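Reader: I am new to this structure and would like a guided introduction. Could we go through it step by step?

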Amino acid sequence: MRDERKRTSRPHVSHHSAFDSFNNSEFDFISRIKQRAEEARARKPDGLVHGIGDDAAVLTGRGGRDSVITADLLVEDIDFRRTSLPSNIGYKALAVSLSDIAAMGARPRWTLLSLGLPQDIWDTPFAAQLYEGFLSAAREFGVTLIGGDMSRTPERIVLDSIVIGETVRGRAVLRSGARAGDHIFVTGTLGAAAAGLRLLERADRLRTRAARTRLLSGLEELTRRQTQPTPRVECGALLGERRLASAMIDLSDGLSSDLAHLCERSGVGALIEASRIPVAPPLKQADAVNPGHFTRALKDDALNLALHGGEDFELLFTVRPRDAARLPKRLGGVRLTRLGEVRDASEGIKLTRDGRAEILQPSGFDHFKHPR
Ligand code: ADP
Ligand code: MG
């Protein structure tokens, strides 16, 4: 290979890079970008504590603090529908990034929002209402909007929210800190957001407003958890500040997938107990409220939605055995539930159900997954 790098001292650009090969999933692609980004730099830049691969990047800040930064892209018809309330779309755009900051054990401070809008939307109050939702989440969670960018798109709405948070230096909680023997915990309850999404999708296909109301009545808590998720901002920050969590991730793709991400980054396995999984009460009760309709709309049982359904934006974290006694039952206004234990990598990731252990396949969300 000719070494153009030495001759021209320009960064080497290979046209036959690792990117040429088939991308099996979003996550394979990200790990290759991570590898290429590291190869492309001369040395680790000053101030970079952690780059690609966690819920957010960590940079050395001033005054004994670190900065934590995350970006999230939301695309119309992929991540949300235009039929949602614009204020809910704005609220959720910030909530998902706040959740990544919480998953680092950090406190969110600043945000930037970029928008791509088609002309027909530009001519309506949509954008103003979207900002109202975004700013109401900003006020609720104590962050300040400091910038962004705008452009026109041919058809679909696109949002990119960036949040910057901070921690005491060295306190950011990574996905990679879990060790065999640590206890595994989750905040809040699971499955409601995925159930809410399935209900809303089914409602979208119904022709009359009366039919939609009939389907959704009594199930508002499920749809609210899909359209206005609550990021566990205070709980995440306290887990970091009190050094309670050894590793953490937020549940955006689904418990089975996000547990696999945490285990992979930590080089460990896990054993969780099905009966301990905190299935969202409205999900368990919904069949009683609206029998038949509900089961048909969901096409899945409550435990499966809690295991594999995405977008609950709860926090999944691990705790060293010696710190488990310091962990309260509730933290930052949310209940903590112990799911199981971190195991050796050789044991894989398993779920015990009725006393029998089975392999827990990561079956949550992936934007580009091909069937294997
Ligand atoms: P999350 O679900 O927590 O937002 P993602 O799976 O989106 O996490 O991202 C995981 C990691 O990969 C993060 O560190 C993120 O910054 C990085 N990442 C995702 N997409 C890209 C991209 N296109 N280029 C560079 N880094 C990316
Ligand atoms: Mg995340």
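**Overview and ligand sites**

Author: Of the 372 residues in the chain, 46% are buried, where buried means under 20% relative accessible area, exposed over 50%, and partly exposed in between (1.4 Å probe, protein chains only). This is a predicted model, in which local features need pLDDT of at least 70 and side-chain atom pairs count only at pLDDT 80 or more, while totals for chains, interfaces and linings use all residues. Residues are numbered from 1 along each chain as its sequence is written, chains are lettered from A and ligands numbered from 1 in the order in which they are written, and side-chain values use heavy atoms, with hydrogens and water left out.

Reader: How many helices and strands does the chain have?

Author: The chain has 14 helices and 14 strands. These are DSSP runs numbered from the N terminus (helices: H or I, at least four residues; strands: E, at least two).

Reader: Which residues are around ligand 1?

Author: The shell includes Phe27, Ile30, Ile33, Asp54, Asp72, Asp100 and Arg175; a residue belongs to it if one of its heavy atoms lies within 4 Å of the ligand. Helix H2 (residues 26-40) contributes the most, with 3 residues.

Reader: And what classes of residue are in that shell?

Author: There are 4 nonpolar, 2 polar and 6 charged residues. Here Ala, Val, Leu, Ile, Met, Phe, Trp, Tyr, Cys and Pro count as nonpolar, Asp, Glu, Lys and Arg as charged, and the others, Gly among them, as polar.

Reader: Which side chain has a polar atom 2.9 Å from an oxygen atom of ligand 1?

Author: That is Asp100. For Arg175, a side-chain N or O atom is 3.1 Å from an oxygen atom of the ligand. Taken alone, ligand 1 exposes 550 Å², and the protein buries 64% of that (Shrake-Rupley method with a 1.4 Å probe; for residues, only the protein chains shown count as cover).

Reader: Moving on, what coordinates the magnesium ion?

Author: The magnesium ion (ligand 2) is coordinated by Asp55, Asp100 and Asp250, each through OD, at 2.0 to 2.1 Å. Donors are N, O and S atoms within 2.8 Å of the metal (3.2 Å for Na, K and Ca); water is not among the atoms, so sites may look incomplete.

Reader: Where in the chain are Asp55 and Asp100?

Author: Asp55 is in the loop between strand E1 (48-50) and strand E2 (57-60), and Asp100 is in helix H3 (residues 86-102), 45 residues apart.

Reader: Is Asp55 buried or exposed?

Author: Asp55 counts as buried because its relative accessibility is 6%. Asp100 is buried as well, at 8%.

Note on methods. A polar contact is a pair of N or O atoms within 3.5 Å; within protein, one must be able to donate a hydrogen and the other to accept it, and residues adjacent in sequence count only if both atoms are side-chain atoms.
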